[in-house]
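Please keep the sequence and the model in view while reading.

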Amino acid sequence: MSTLGVLPGRSRMAAGVVTAVLLAVLTGSAGGLTGARPYDLGCPAWTQRQRGLDGTRAQDRERAFLCLVRDAGGPMFPAGEPDRALLARGRALCAQPGWRRADEWLRSGDFTINLHGLDSALVFLCPDEVGGADLRPSDERLAADEADYVAASNAACRDPWPRVRAREQGTAAYFTSESGGYHLADDRDPDNEDGVDHDHDGLLAAEETGVAVRTITGRGLCVTVKAFGEAPPLRLKGWQEVAEVGVASRSGRLTVPVLRPGGEVGAGQALPNLAIDGRGHYRVRVYARADEDSVGLLPAEWHLIVVYPGRSKKEVVHRS
């Protein structure tokens, strides 16, 4: 992944959903490498004159890495740590997929070194892992990185109602666009196409064959869907927002879009059809909560979508 969301010239489509998530959480961190003075007189070649990988002898690469991270001097590479500890720390970061390096950097709160600066230091220890001198990983490495990220996001999601079994149910991570939001719709209705309008203030907005859901954080989230034969009990405890609306299925399907190869928006794995009685009218109830203080890349917002047969089109806000 290298410097996804930071390095210019890399198209967002090349890196897919990982880039989209990084763009949502990176909010202009401090640039460059700053902090304590270098540990030896040779360090300015890398810290000030920005000598790169191609201009550095193989036997000097560890030294270059040490100079750069000591110059940063932040919590990822604390001042006073011996060479061996810093090198081990760097190699451990090299061994991780790029998104995990970014996640660790975000969680560390280390803004003495930005994500580009981190990879610019690590390239001296593991050029292949961070994309060589120009910090551009291969398409194969980016694809593997993205697959790892989607899998980890799916694994982080859990059913918030594990004891309440439904006729159809499923849980997956969902990756949103930069504006956030997603939709549940009749995906075989030609009038539906890309879903419904997300430009609304409340949690839900309904059209004839689709429901738009607004997210709280505008980032990736966990979505659990459950389809019942009748309305389940209303459970408000632990949820920030709860609302429900009516929707129709003309083809006998109500689904959440799945993430397509190379795409940025959709569920990380297929979720079931929720129109369990076929064509007809349904009620859609959505529960939402979020950890708005989360700084990592894994989902920190949770939605539960409950669907059951019902003809009413009335919007009901249970909690806002």
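The sections below treat strands, a helix and salt bridges in turn.

## The model and strand β5

The structure discussed here is a predicted model.

## The partners of β5

Which strands pair with β5, and in which sense? Strand β1, made of residues 168–175, pairs with β5 in the antiparallel sense over 7 bridges. Within this pairing, A172 has V223 of β5 as its bridge partner.

Strand β9, residues 301–309, pairs with β5 in the parallel sense over 6 bridges. Here K226 stands opposite V306 in β9.

## A sheet of three strands

An open sheet of 3 strands has the order β2-β4-β3, and its pairing is antiparallel. The edges are taken by β2 (182–185) and β3 (204–207). Each of these has a single partner strand, so one side of each has no neighbour in the sheet. On average, neighbouring strands of this sheet are turned by 20° against each other, direction ignored.

The pairing of β3 with strand β4, residues 210–213, is antiparallel and runs over 4 bridges. In this pairing, the bridge partner of L204 is V213 in β4.

## Helix α7

Is helix α7 enclosed or open? Of the 8 residues of α7 (residues 115–122), 6 are buried, so the helix is largely enclosed by the rest of the structure. The buried residues are L115, G117, L118, D119, A121 and L122.

The N-terminal end of α7 is capped by N114. A side-chain oxygen of N114 lies 3.2 Å from the backbone nitrogen of H116.

## Salt bridges

How many salt bridges does the structure hold? It holds 15. One of them joins E62 and R91, whose closest N and O atoms are 2.5 Å apart. E62 lies in helix α4 (residues 61–72) and R91 in helix α5 (residues 83–94), so the pair ties together parts that are 29 residues apart in sequence. E62 counts as partly exposed, at 36% relative accessibility, and R91 is also partly exposed, with a relative accessible area of 42%.

A salt bridge also links the side chains of D277 and R167, at 3.5 Å from N to O. D277 lies in the loop between β7 (266–267) and β8 (280–290), whereas R167 lies in the loop between α9 (139–156) and β1. The two residues are 110 residues apart, and the pair links distant parts of the chain. D277 is partly exposed, with a relative accessible area of 45%.

The side chains of E244 and R285 meet in a salt bridge at 3.0 Å, N to O. E244 belongs to strand β6 (residues 241–249) and R285 to strand β8, 41 residues apart. Both E244 and R285 are buried. Together with R283, E244 and R285 are linked in a network of salt bridges.

Terms used:
Residues numbered from 1 in each chain as written. Predicted model: local features only at pLDDT ≥ 70, side-chain atom pairs only at ≥ 80, totals over all residues. Heavy atoms only, no water. Pairing = 2+ DSSP bridges. Salt bridge = Lys/Arg side-chain N within 4 Å of Asp/Glu carboxyl O. Buried < 20%, exposed > 50% of the residue type's maximum accessible area, 1.4 Å probe, protein only. Axes fitted to C-alpha atoms, helices over the stretch in contact; angles between N-to-C directions. Polar contact = N/O pair within 3.5 Å; in protein donor to acceptor, adjacent residues only side chain to side chain.
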